[in-house]
Amino acid sequence: MSKLRIAVQKAGRLHDESMEILKDIGISIDNGKDQLKASARNFPLEVFYLRNGDIPQYLKDGVVDAAIIGENILVEKGNGITIAEKLGFSTCKVSIAIPKSVKYTGIQDLEGKRIATSYPNTIQGYLDKNGIKANLHIINGSVEIAPNIGLADAICDIVSSGSTLFKNNLKEVEVIMKSEAVLAVSPVLSQEKQDILDKIQFRLQSVLKGRNSKYVLLNAPNDKLQDIINVLPGMKSPTVLPLAQEGWSSVHSVISKNQFWDIIDELKKKGAQGILVCPIEKMVI
Ligand SMILES: Nc1ncnc2c1ncn2[C@@H]1O[C@H](COP(=O)(O)OP(=O)(O)OP(=O)(O)O)[C@@H](O)[C@H]1O
Ligand SMILES: O=P(O)(O)OC[C@H]1O[C@H](OP(=O)(O)OP(=O)(O)O)[C@H](O)[C@@H]1O
Ligand SMILES: [Mg+2]
């Protein structure tokens, strides 16, 4: 039986959460610390530990079948590679920044300027789209220092919290793209491997839905029950159970993390009491 070969970053910002999500979908990996390849014990999967930047080529060549990789790297090097699933971690932006003291009126201000970056294709595409010609200086790391040492007028790099920009006296002036970790798929995948990938994707979706939701239990006086139920979404509709104390019910529901605090405020206003919030491990719909 063939195994799906999946690439995961060997070390760096994506590694830990990539391994965690594989564990959360029930895949146990025999992991020697310095191994570059490992097999899953309970699933037809082989994990290859590789550099994030090298993964697009391995996917294109079909050396690996799938990968957990930053979306930004696919935009930079991954033409022809499809995204099967967005994974919700390692969120960041690829942005252009300039020294804080320099006035910025719009992208035309970058005409003829020197821009330091590790993402030449991404920024070149953005400049072309906006009809701007600039000189790119490709460097592999510590990009944010370039304006301070006189190497460039602007930079294009990853921004997350913004603290690296802040420490280097830079300000973000253009956001080229937003990125997160994704499950990417090789363009050359056999049907047998596609079937294994479908199973992984199904499990990932149930973990991701769980991560994005909370299970909420609350007590409601029966005369307020309908008002409270109207606020709650639930997977189908909320579960309502009578409490031992007459005139009261227990209401159970699932709330999306995005709407969570708004709904809790609303529930309190409508008379809900003893609200408990629990994490959801997996949600299979
Ligand atoms: N500060 C950050 N916050 C959130 N996500 C980030 C941040 N920096 C990078 N990332 C994301 O994590 C990915 C991996 O970044 P990391 O710095 O670990 O590796 P790299 O230097 O890009 O790759 P390689 O594995 O080739 O050395 C990036 O492609 C991006 O998607
Ligand atoms: O907005 P922030 O939260 O400050 O994050 C942005 C920084 O994080 C990344 O660097 P990293 O720490 O991964 O170092 P690297 O350049 O060696 O990859 C990126 O290249 C930025 O420099
Ligand atoms: Mg980095």
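Modeller: Let's start with ligand 1: its shell splits into four nonpolar, nine polar and two charged residues. Here Ala, Val, Leu, Ile, Met, Phe, Trp, Tyr, Cys and Pro count as nonpolar, Asp, Glu, Lys and Arg as charged, and the others, Gly among them, as polar. Before going on, note that this is a predicted model, where local features need pLDDT of at least 70, side-chain atom pairs count only at pLDDT 80 or more, and totals for chains, interfaces and linings use all residues. Residues are numbered from 1 along each chain as its sequence is written, while chains are lettered from A and ligands numbered from 1 in the order in which they are written.

There are 15 residues around ligand 1, and Gly-12, Asn-52, Gly-53, Gly-70 and Ser-160 come nearest. To be in a shell, a residue needs its C-beta atom, placed from the backbone, within 6 Å of the molecule. Domain 1 (4-86 + 182-210) and domain 2 (92-179) each give at least three residues to the shell around ligand 1; those bounds come from an automatic or database domain assignment.

Now for ligand 2. Its surroundings include Arg-13, Glu-144, Asp-157 and, once again, Ser-160. Strand E9 (154-159) and helix H5 (163-167) are the elements giving two or more residues to this shell, and E9 has the largest share, with three. Helices (H or I, at least four residues) and strands (E, at least two) are DSSP runs, numbered from the N terminus. By class, the shell around ligand 2 holds two nonpolar, six polar and three charged residues.
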